[in-house]
Amino acid sequence: MKCSKCNNKAIYERKWEGRAYCGSCLSEQVERKVKQTIRENNLIEKGEIIAVGLSGGKDSTTLLYILHKYFSKTNQIIAISIDEGIEGYRNETLERAKKLACVLGIEHKIFSYKKIFGINLDEIPEILGEKQKINWCTWCGVFRRYILNQAAKAINADKLAVGHNLDDEVQGIFMNFFKGDLSRFQRLGAKPGIIGSKKFVQRIKPFFEILEKEILIYAMINGIPFSNAECPHSEEIMRRTTAEMINKLEFEYPGTKFQILNFYEKLRPFMTAVEIKENIRSCENCGEPTSRTNCMACELFDKLNLNLIEKSLQ
Amino acid sequence: MQININGKEILLKEGSTVLDALKSINANPESVIVKRKDEILLEGDVLNDGDELELIKVISGG
C-alpha cells in the first residue's frame, strides 16, 4: 500500500479515514494534530514555563521531543522525572529520559521518593509490616501526582504537560463509568482536574487526541530514545481489560476511539451544568489541595507513620 | 511456509499476510506493531517463507 500523500511505501493505515501514511507523512500528521489540540484548547500560552512529566516511556519522551521542536523558542521547557525506586524498571526508563533531555539540551530535574519521603516504593510492604498484597498503583500514583504538583510549583511552572494519549483518555472514560465515579469522569479532557485552582499547577494533555499506536510509531521512526519496559508492579487489571475491549472494538469498527472521545466532549457542557464539582480545600496536615480533610498522600503516609509535612520539596 | 514471530516458529499458508499471522497467534493488530528487520509492516503486507517478525506491544509502562 502506498502513502496517500506522497506515494512512498505506507507503514501505517488510518482505516477510519481510508488513508495510509509513510513514516514522514505520519509524523507530519501527528505534529499537526498536537499543535491543533494545543491551539484549540489554549494549552500553552507564549512565555509560559512548561514542566513536562518525563518518565522515559514513549509517550512522555515523544511529548518532550515535539514540545521542544515547536515551543522551545517561545517557552521555557523543563523536564521533571520521578524516581519511585522500582528495582529493575525505573533505572532503565530514567536513562532514556536523561539521554533525551541531554540531546535536546533541556533542563531535567529528577525527584526521588527516597530523597523526599525517605523510602523507595519497593520498601512500602516491609514498612507496613503486612503480609497482604498492597495496591502498588494506588500508592505510587498518589505519591507521584503529589511530587509532580509540588515539583512543578517549585520551578514556578505555569503548566504541567503529561503524555496521556487518546487511548488513556478513552480507557479513563470507561473506567470511571464502570466505577460510577461521576466526579472523576467529569475531570477528564485536555485540561484535567480543577481548572483555576492556585493549589494545582494546571495539567495539560497535548496528546489527548493522538492514538497510542501513532505515538509509538512516531517515536520509532524519529529515533527518540524511549523505554518500552513494563513496571513489575503493574496490576491495573481493569485498565488492561478495558484497553483490550476497546482495541477489539477499534479493530472491528475503525474510528471507535475517536467516536467515544467525541461523545465525551459533547457531554462536557451538560456535566458542567449539573454542578457535580467537589469542594476543594487544603489538607489539614500539609496544605495540599484535596476534597477530603486530609489528602490521600497524607492518609497513606499516616499508615507508614511518616509525616508528609516534613517532606516538602521546597 | 514457516515464519518466526518473536522467536517462535509459526506455520502459515503460502501468500499469508501480516493479519493472518497475527490471527494465528490471537494477537489484535490494534495492540501491536509488526516489524520485519527495520521495516514496519501493514496488516495487508504479504509474508515470505523464512520471514522473521518482531512484535512490539503498543501498551507499555506502568
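Which element of chain A has the lowest confidence, and which has the highest?

**View 1. Confidence along chain A of the predicted model.** The structure shown here is a predicted model, and in chain A the lowest confidence falls in strand 9 (residues 289-290), with a mean of 76, whereas the highest is found in helix 1 (residues 23-40), at 98. Taken over chain A, the mean pLDDT is 88, and 92% of the residues reach 70 or more. Where pLDDT is low, the predicted coordinates should not be read in detail.

**View 2. Cysteines of chain A that are in no disulfide.** A search of the whole structure, covering all chains, finds zero disulfides. Cys3(A) is accordingly in no disulfide, and the nearest cysteine sulfur, which belongs to Cys25(A), is 3.7 Å away. With a relative accessibility of 3%, Cys3(A) counts as buried. Cys231(A) is likewise in no disulfide, the nearest cysteine sulfur being that of Cys140(A), at 6.5 Å. Cys231(A) has a relative accessible area of 12% and is buried.

View 3. Phe177(A), Phe178(A), Met238(A), Met245(A), Leu249(A) and Tyr253(A) together make a nonpolar surface patch of about 590 Å². Two helices of chain A, helix 7 (166-179) and helix 10 (237-252), each supply at least two residues of this patch, and the largest share, three residues, comes from helix 10. Tyr253(A), another member of the patch, is placed in the loop between helix 10 and helix 11 (256-273) of chain A. Its relative accessibility is 53%, and Tyr253(A) therefore counts as exposed, the cut-off for that class being over 50%.

**View 4. A salt bridge between chain A and chain B.** Among the 25 salt bridges that the structure holds over all chains is the one in which the side chains of Lys9(A) and Glu39(B) meet, with a distance of 3.8 Å from N to O. Because Lys9(A) lies in the segment before strand 1 (12-14) of chain A, while Glu39(B) lies in strand 4 (residues 39-41) of chain B, the pair joins two chains. Both partners are partly exposed: Lys9(A) has a relative accessibility of 35%, and Glu39(B) has a relative accessible area of 28%.

**View 5. A salt bridge within chain A.** Lys33(A) and Glu209(A) form a salt bridge in which the closest N and O atoms are 3.9 Å apart. Lys33(A) belongs to helix 1 of chain A and Glu209(A) to the loop between strand 7 (202-204) and helix 9 (212-221), so the pair ties together parts that are 176 residues apart in sequence. Lys33(A) counts as partly exposed at 24% relative accessibility, whereas Glu209(A), with a relative accessible area of 18%, is buried.

View 6. Arg36(B) and Asp51(B) are both buried.

Terms used. Residues numbered from 1 in each chain as written. Chains lettered and ligands numbered in written order. Predicted model: local features only at pLDDT ≥ 70, side-chain atom pairs only at ≥ 80, totals over all residues. Heavy atoms only, no water. pLDDT = per-residue confidence, 0-100. Helix = DSSP H or I, 4+ residues; strand = E, 2+ residues; numbered from the N terminus. Disulfide = S-S within 2.5 Å. Buried < 20%, exposed > 50% of the residue type's maximum accessible area, 1.4 Å probe, protein only. Patch = residues over 30% accessible without salt bridge, like charges linked within 9 Å, V, L, I, M, F, W, Y side chains within 5 Å. Areas by Shrake-Rupley, 256 points an atom, 1.4 Å probe, with all protein chains shown as cover. Salt bridge = Lys/Arg side-chain N within 4 Å of Asp/Glu carboxyl O.
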